[in-house]
Amino acid sequence: VQLQAFGGGLVQPGGFLRLSCLVSRSIFRSSDLGWFRQAPGKQREFIARITRGGDTNYADSVKGRFTISKDAVENTMYLQMNSLIPEDTAVYLCNVPLDYAGTYVRLLWGQGTLVTVSS
């Protein structure tokens, strides 16, 4: 498996959660990485990207609430999600974005991890 997301679950509005994406070593070292999500009945959307050099950019919908990071020792990318709202409910996925806005990705999509924000 080249990228595998995990860490989802049920969280109350206003709560927080951290997702992880385990990345194969070769991809981790050679690629930008990104988080995406797909809510029920909606199209998949880009959330955040981190470049090989550590620069980051975010979708407006999560800016200021979510933080993307990575750990080169663990070959893992993270998504810290704070101040969660019900609209954040979605399957969260990771991939290799080929552009700034994550319009195109390099790899086939995995299963992702489900985040449900509900009281």
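**View 1. Phe-36 sits buried in this predicted model.** Phe-36 has a relative accessible area of 2% and counts as buried (buried is under 20% relative accessible area, exposed over 50%, partly exposed in between, with a 1.4 Å probe and protein chains only). The structure holds two aromatic pairs, where rings of Phe, Tyr and Trp (its six-membered ring) pair if their centres lie within 6.5 Å, and planes under 30 degrees apart count as stacked, over 60 as edge-to-face and the rest as tilted. Phe-36 and Phe-46 make an edge-to-face pair, 5.7 Å centre to centre with 70° between the planes. Phe-36 belongs to strand β4 (residues 33-38) and Phe-46 to strand β5 (residues 45-50), so this pair ties together parts that are ten residues apart in sequence. Strands (E, at least two residues) and helices (H or I, at least four) are DSSP runs, numbered from the N terminus. Phe-46 is buried too.

A word on the model: it is predicted, so local features need pLDDT of at least 70 and side-chain atom pairs count only at pLDDT 80 or more, while totals for chains, interfaces and linings use all residues. Residues are numbered from 1 along each chain as its sequence is written, and side-chain values use heavy atoms, with hydrogens and water left out.

**View 2. Trp-109 joins the ring cluster.** The ring centres of Phe-36 and Trp-109 are 5.1 Å apart and their planes stand at 80°, so this pair is edge-to-face as well. Here Phe-36 in β4 meets Trp-109 in the loop between β9 and β10 (113-117), so the pair ties together parts that are 73 residues apart in sequence. Trp-109 is partly exposed, at 28% relative accessibility.

View 3. Cys-21 lies in strand β3 (residues 17-23) and Cys-94 in strand β9 (residues 90-95), so the link ties together parts that are 73 residues apart in sequence. The link is right-handed, with 80° about the S-S bond. Both cysteines, Cys-21 and Cys-94, are buried.

**View 4. Met-81 is part of the largest nonpolar core.** This core has 30 residues, and Leu-3, Leu-33, Trp-35, Leu-79, Met-81 and Tyr-92 touch the most other members. A nonpolar core is a set of buried Ala, Val, Leu, Ile, Met, Phe, Trp, Tyr and Cys residues joined through side-chain atoms within 4.5 Å. Leaving aside residues up to four places away in sequence, Met-81 touches Gly-15, Phe-16, Leu-17, Leu-19, Arg-65, Phe-66, Tyr-92 and Val-115 (contact means heavy atoms within 4.5 Å).

**View 5. Asn-75 has a positive phi.** The angle is about 50°, although Asn-75 is not a glycine. Asn-75 is in the loop between β7 (66-71) and β8 (76-81), and at 16% relative accessibility Asn-75 counts as buried.

**View 6. Ser-83 has a positive phi.** Ser-83 is not a glycine, yet its phi is about 50°. You will find Ser-83 in the loop between β8 and β9, partly exposed at 42% relative accessibility.

Notes: A disulfide is a pair of cysteine sulfur atoms within 2.5 Å.
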